[in-house]
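Take a walk through one protein chain with me. Keep the sequence and the 3D view side by side.

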Amino acid sequence: MDPFLEAAIEEARQGLAEGGIPIGSVLVLDGAIIGRGHNRRVQKGSAILHAEMDCLENAGRLPARDYRRSVLYSTLSPCDMCSGTVLLYGIPRVVIGENVTFRGPEDYVRSRGVELEIVDSADCRRLMEQFIASRPELWNEDIGEEGGVRK
């Protein structure tokens with residue numbers, strides 16, 4: 001398996017171990033990880049700290065040219081918010097662990113010129129399926145669906 005996707009999966013497992021949602025992400029530039037993160041909405045009481053947002057935050061401020069040469073890895077198809085950030089910063093390629101348990105706006109992101117690679121990782125899918133089965137209310141909250149905290 002791709003070592004960068006493995007690093008994203010490690011991040012997802014860390015998030016689960018912290019009591020959060022098992023989604024992980026890494027940002028790669030010139031063959032090296034420059035940012036990593038995992039969904040920390042629960043841990044930080046945050047409205048926006050999805051894995052991709054945490055990863056980009058941890059990478060710090062970068063010049064536009066670096067974003068435009070980087071690859072974002074995520075264990076799960078990025079949502080509208082995270083996909084918007086990919087588009088905003090011009091990240092040209094996103095490697096997605098799986099998009100069966102959740103599918104973000106992939107067609108729109110592709111229409112904007114971003115290359116998406118769907119790996120269909122059994123490990124990524126299993127992490128999410130087990131989490132969704134055991135914590136459906138938390139999952140619904142994370143994706144903004146009824147059944148979460150907000151009614």
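What follows goes from the annotated domain to ring pairs, a cavity and salt bridges.

This is a predicted model, in which local features need pLDDT of at least 70, side-chain atom pairs count only at pLDDT 80 or more, and totals for chains, interfaces and linings use all residues. Residues are numbered from 1 along each chain as its sequence is written, and side-chain values use heavy atoms, with hydrogens and water left out.

Start with the record. An unreviewed UniProt entry carries the annotation "domain: CMP/dCMP-type deaminase" for residues 1-116. Such annotations may be inferred rather than shown by experiment; feature names are shortened and positions follow the numbering used here. In the model, the end C-alpha atoms of residues 1-116 lie 17 Å apart. The span is 41% helix and 21% strand. Helices (H or I, at least four residues) and strands (E, at least two) are DSSP runs, numbered from the N terminus.

Now look at the rings. A pair of aromatic rings is described by the distance of the centres and the angle of the planes. Rings of Phe, Tyr and Trp (its six-membered ring) pair if their centres lie within 6.5 Å; planes under 30 degrees apart count as stacked, over 60 as edge-to-face and the rest as tilted. By this rule there are three aromatic pairs. One of them joins F4 and Y73, and it is tilted, with 5.6 Å centre to centre and 55° between the planes. F4 sits in helix α1 (residues 3-17) and Y73 in strand β3 (residues 70-74), so this pair ties together parts that are 69 residues apart in sequence. F4 is buried at 18% relative accessibility, and Y73 is buried at 5%. Here buried means under 20% relative accessible area, exposed over 50%, and partly exposed in between (1.4 Å probe, protein chains only).

Y67 and Y89 form a stacked pair, with 4.5 Å centre to centre and 25° between the planes. Y67 belongs to helix α4 (residues 64-67) and Y89 to helix α5 (residues 80-89), so the pair ties together parts 22 residues apart in sequence. Y67 is buried at 7%, whereas Y89 is partly exposed at 35%.

On a 1 Å grid over the protein atoms alone, a cavity is a set of points where a 1.4 Å probe fits but cannot get out; lining residues have an atom within 4 Å of a point. Grid points are joined across faces, edges and corners, and a volume is the space filled by probe spheres set on the points. The structure holds one cavity of 30 Å³ or more. About 60 Å³ of space lies in the largest cavity. Its lining includes S77, V86, I96 and E106. Helix α5, strand β4 (93-96) and helix α6 (106-111) each supply at least two lining residues.

Finish with charges. A salt bridge is a side-chain nitrogen of Lys or Arg within 4 Å of a carboxyl oxygen of Asp or Glu. The structure holds 14 salt bridges. One of them joins D30 and R69 at 2.9 Å, N to O. D30 lies in the loop between β1 (24-29) and β2 (32-38), and R69 in the loop between α4 and β3, 39 residues apart. D30 is exposed at 60%, while R69 is partly exposed at 43%. Elsewhere, R103, E106, D107 and R110 are linked in a network of salt bridges.

Definitions and conventions
On a 1 Å grid over the protein atoms alone, a cavity is a set of points where a 1.4 Å probe fits but cannot get out, and a pocket is an open set with protein on both sides within 12 Å along at least five of seven lines; lining residues have an atom within 4 Å of a point.
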